[in-house]
Amino acid sequence: MAAHRKPRQRSAQGAKARTAATIALAGAATATGVDGVGHAEPQLTPGQVEAKVDKLYQEAEVATEKYNGAKEKAEEAERRLEALRDEAARKEERLNSARDALGSFAAAQYRGGGLDPALQLALSDDPDRYLDGAAFAERAGDRQTAAVTRVRGQLREIEQLRGAARLELASLRSRQAELKRHKKTVTDKLGDARRLLSRLTAEERAQLAADGGTDRATRAAGQRDGLTAPGTAEAPNARAAAAVSYAHQKLGSPYVWGATGPNAFDCSGLIQAAYRSAGVSLPRTTYAQIDSGRRVSRSELLPGDLVFFYSGISHVGIYIGNGQMIHAPNPSSPVRLAPIDQMPFAGATRVV
């Protein structure tokens, strides 16, 4: 019967052959990079590395602006939450005082004892005096009824405040999760850029640094020498001139994503700090900064105008005249001068 047949013995030689074939296939898969780990990427030229790094920096800057926006909203939610909690605490203090007053009144009634008012009148030695007292008690009772109504209203208000606080807390936690996601995107992109740059020789990195403006000391000094009181003569007003002057003073400062000064900046952080020094409050992100004033065309640009780049409005600089801007480019470049045609122009805004 087939069910009682003995299983056929596999030869040891065949098993060895199959094992060898499996190992060979696995080795081939690794060598050809089935999972992308063992496959060596083609050697990139310095120009190709620069292009890839620039793209990674631009993607990181998009994520940085989203991070900045989420951080701003999280801070706003936190402030609203604290305000709601403070208001609820103040109302609870008033509620406790009202409850104490009602408790004292209830205790007095209990001690006064439970006699029917008609019987108290019949037993009174001075009916006229009793009637006067009863009228006062009735008025006091009306006041206590109003007090009870107020207490009930306060309880409702406190519950509404607690509900609003719960909503703000949920909003805050959502913003915090969003912050975490954007931060991971930024750090991943910057990490990829660092790994690409590490594949270059020291000489190639030095050449890219010279092209990209990372030689801070010489570039910053040269830029300052070439711009004396930048834009002050041509700026439309004193506040625009002050903002340009601030940006000029920060030439050579390092780019740090999420930074707003005074010693390091990201692109929108530099703009916010420059106008803050001139007494003008600007939003935190490029997306909001472009709507913080009057739009102007490229041909109308004056020193102090904000110039924006890329279709997603992910980069900003401050115009200083002669087709030049000061901006915080990326982690490979400090705050520096650059022509505005260096990147895809997206629009401009005159803040003041």
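This note sets out numbered points on a predicted model of a protein.

1. Basis of the model. The structure is predicted; local features need pLDDT of at least 70, side-chain atom pairs count only at pLDDT 80 or more, and totals for chains, interfaces and linings use all residues. Residues are numbered from 1 along each chain as its sequence is written, and side-chain values use heavy atoms, with hydrogens and water left out.

2. Confidence. The mean pLDDT (the predictor's confidence in each residue, from 0 to 100) is 75 for the protein, and 66% of the residues reach 70 or more. Residues 1–40 stay under 50 and have seven contacts beyond four places in sequence, where contact means heavy atoms within 4.5 Å. The stretch 213–233 is also below 50, with 36 contacts in the model beyond near neighbours in sequence. Where pLDDT is low, the predicted coordinates should not be read in detail.

3. Helix α7. Helices (H or I, at least four residues) and strands (E, at least two) are DSSP runs numbered from the N terminus. Helix α7 covers residues 238–249, twelve in number, and reaches 16 Å from its first C-alpha to its last. That is close to the 16 Å expected at 1.5 Å a residue, the expected span being 1.5 Å times one less than the number of residues. Asparagine 237 caps the N-terminal end of α7, with a side-chain oxygen 3.1 Å from the backbone nitrogen of arginine 239. The buried residues of α7 include Ala240, Ala243, Val244 and Tyr246; buried means under 20% relative accessible area, exposed over 50%, and partly exposed in between (1.4 Å probe, protein chains only).

4. Strand pairing. Strands pair if DSSP finds at least two bridges between them. Strands β3 (residues 315–321) and β4 (residues 324–327) run antiparallel and are joined by three bridges; isoleucine 318 has isoleucine 326 in β4 as its bridge partner. An antiparallel pairing over four bridges links β4 to β5 (residues 336–339), and here histidine 327 is partnered by arginine 336.

5. Nonpolar cores. A nonpolar core is a set of buried Ala, Val, Leu, Ile, Met, Phe, Trp, Tyr and Cys residues joined through side-chain atoms within 4.5 Å. The largest has 55 residues, of which Tyr275, Leu306, Ile318 and Ile326 touch the most other members. At least two residues of this core come from each of α2 (46–112), α4 (127–198), α7, α8 (267–277), β2 (306–309) and β3. With 13 residues, α2 gives the most. Another core, of ten residues, lies apart from it and has Leu301, Phe309, Ile340 and Met343 among its members.

6. Isoleucine 326. Which residues are in contact with isoleucine 326, leaving aside neighbours within four places in sequence? They include Ala247, His248, Leu251 and Leu270, together with Gly317, Ile318 and Ile320, and also Val335, Arg336 and Leu337.

7. Backbone points to check. Most residues other than glycine have a negative phi, and most peptide bonds are trans. Tyrosine 310, in the loop between β2 and β3, has a positive phi near 75°; this residue counts as partly exposed because its relative accessibility is 22%. In the hairpin of β3 and β4, which has two residues between the strands, asparagine 322 takes a positive phi near 55°. Asparagine 322 counts as exposed, since its relative accessibility is 73%. Its C-alpha atom is separated by 9.2 Å from that of leucine 302, 20 residues apart along the chain. The peptide bond from glycine 261 to proline 262 is cis, with omega near 5°; proline 262 belongs to the loop between α7 and α8.

Methods: A polar contact is a pair of N or O atoms within 3.5 Å; within protein, one must be able to donate a hydrogen and the other to accept it, and residues adjacent in sequence count only if both atoms are side-chain atoms.
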